[in-house]
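Visitor: I would like a close look at one part of this protein: its aromatic rings. Please walk me through them, and give me the setting first.

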Amino acid sequence: MYDLDVARIVYEDPILKSKTCFIDTPELDPVFGRELSQYGEVFPIGVDGFIKALAGVPVPAATRDSFTSFEKYEGPIFASEPTSDDVTSLFVRGEIKDEILLGSRAGSARYAFERASLRTILERIDAGSKKFLIHADIGNGKTILLHLLRLALAQRGYQVLTLKQNYDSIDDDVRLLADDSQKYVVIVEEIFRNSDVVEKVSFAAPHCAVIATARSSTFDLRNNDVEEIFQQNFIEVDLNQLSLREASDLVNLASENGLWGDLSSKSFDQKLQFIQNKCGNEIRSFLLHLLESPSFKNKIRETFYAGIDGEILNCIVVLLFLDVANFNPDLLTVAQLAQVDLLRQAKLKKDQTSREYVDFASGRIRVKSSILSQYILKEIIDYDVSLKYLIKAIRACEVGRRENRLLHEAQKELMKFSFIDKIFARTKKFGPLCTILRQSPHPAVDGQESSVLAAVCDRENRALRVQERRCVVSDCIQHRKEHSELQSVSDRQPLRAFSIGESNA
């Protein structure tokens, strides 16, 4: 017990002392043995004697009745009516309160409009369908639909599980799920990131319905992989386009809560036309219009230009990074990537800005809107600040990614071209970004330089080259099109093919 801090803890707690045992050599010095016995019971039997003693102890059967990687949905214990502030927080920050969802479904006040897909999925699950893939672009309503699904499924008697993190204990959870005959619905966000979980549940627990999600940009590239992951046919649910009824509900909900800004004086039909024509029947475009309104824009700017503390800004920017990358961040992950000790930073809990993004009493992250996070990173926070904290977060992931799967996945997402493209303008900022990243010192892991930052640059350069090639191809296609149109107008004979060296006069 040469560590004084550990010795003090063991010595001062009599309960801990009664549970502490020391296995030492049979030739233990009696003086040292008496000294050691102050902290617990001493057994001078050596390692071999300890092994023999363990061999005679019966091992109880291990039993598990709770999940580790999955979170069981319990549902709200009470219902409440929505206020205008609740609706505004839902639209702007993506803060969803299930007790208000329950109250709005039972009462007359509206909190969120229901998509037609909700009833379709519920009816298909009742009819026996097992595999669903919900996809939408950033900000088009996946998260709110999942909340509504959990609430409705629980009311219908289903046990609803949501993957909270892909821990090493996922196999034990799947075995527990396979042995339970209850009606389960398993929700897995980001199917391509958690494909192994979907495959294991589909194989070991075929009686469970599985609802997975993806962003449409990723699904469009990898849709052929989904059937293989599910190991059978699946039902695709595309949330990007609003139906006429859904667009009308959005108009009414925004009007009831004063969210139209400079368009508030317009008629219902004019607002509906704005949703259909200007917003392309997408929720995300309406949300961007909402964020661009002077009242919201000025409020956000004032928040970040009011002398905010550096460590607080660091935590908020990392939180926004994870939100754009489609993670469900917790305080521990944010602290690890920001390299800030949240427990010891009392100023974080007192700061008004940080309290708007994090509920420190419950540890819940308030901001769940990827649209808001992307908007703040692109339009509000200075480019150099975002770049500094991005590099810091990637380095933090590099240090811990071998021991922590979450950091490994976060590192991959933060290095993706699609993520970089969401934050930094492609034409103006990618050049300086590559230059700064290449000049930055690389973190050392196991005595060797990490290629993380160089990989970011290489991916960006490859993406730029692909874009340039696409521009060339597009120009060629346009040239051929114009040539074809000119030739159809003229009465000339078709051009005669000729070889190199032949005159074309």
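Guide: Start with the whole. Of the 505 residues in the protein, 45% are buried. Keep in mind that this is a predicted model. The secondary structure comes to 25 helices and twelve strands. Take the contacts between residues at least 6 apart in sequence: 70% of them join residues at least 24 apart. The accessible surface comes to about 27,900 Å², and carbon and sulfur atoms hold 51% of that.

Now the rings. The structure holds seven aromatic pairs. One of them joins Phe67 and Tyr184, edge-to-face. Their centres are 6.3 Å apart, with 80° between the planes. This pair links distant parts of the chain, 117 residues apart. Phe67 is in the loop between α4 and β3 (70-72), while Tyr184 is in strand β6. How accessible is each partner? Phe67 has a relative accessible area of 18%, so Phe67 is buried. Tyr184 has 4% relative accessibility, so Tyr184 counts as buried too.

Phe230 and Phe234 make a tilted pair, because their planes stand at 40°. The ring centres are 5.8 Å apart. Phe230 is buried, at 0% relative accessibility. Phe234 is partly exposed, with a relative accessible area of 22%; the cut-off for buried is under 20%.

There is also a cluster. Phe91, Trp260, Phe274 and Phe286 form it together.

The charged end of Lys183 is over the ring of Tyr158, 4.4 Å from its centre. The charged end of Arg193 is over the ring of Phe327, 3.8 Å from its centre.

Asn194 lies in the loop between β6 (184-188) and α10 (195-204). With 11% relative accessibility, Asn194 counts as buried. Beyond its neighbours within four places in sequence, Asn194 is in contact with Leu163, Asn166, Val188 and Glu189.

Leu54 belongs to helix α4 (residues 46-55). Its relative accessible area is 48%, so Leu54 is partly exposed.

Conventions. Residues are numbered from 1 along each chain as its sequence is written. This is a predicted model: local features need pLDDT of at least 70, side-chain atom pairs count only at pLDDT 80 or more; totals for chains, interfaces and linings use all residues. Side-chain values use heavy atoms; hydrogens and water are left out. Helices (H or I, at least four residues) and strands (E, at least two) are DSSP runs, numbered from the N terminus. Buried means under 20% relative accessible area, exposed over 50%, partly exposed in between (1.4 Å probe, protein chains only). Contact means heavy atoms within 4.5 Å. Accessible areas come from the Shrake-Rupley method with a 1.4 Å probe; for residues, only the protein chains shown count as cover. Rings of Phe, Tyr and Trp (its six-membered ring) pair if their centres lie within 6.5 Å; planes under 30 degrees apart count as stacked, over 60 as edge-to-face and the rest as tilted. A charge sits over a ring if NZ of Lys or CZ of Arg is within 6 Å of the ring centre and within 35 degrees of the ring normal.
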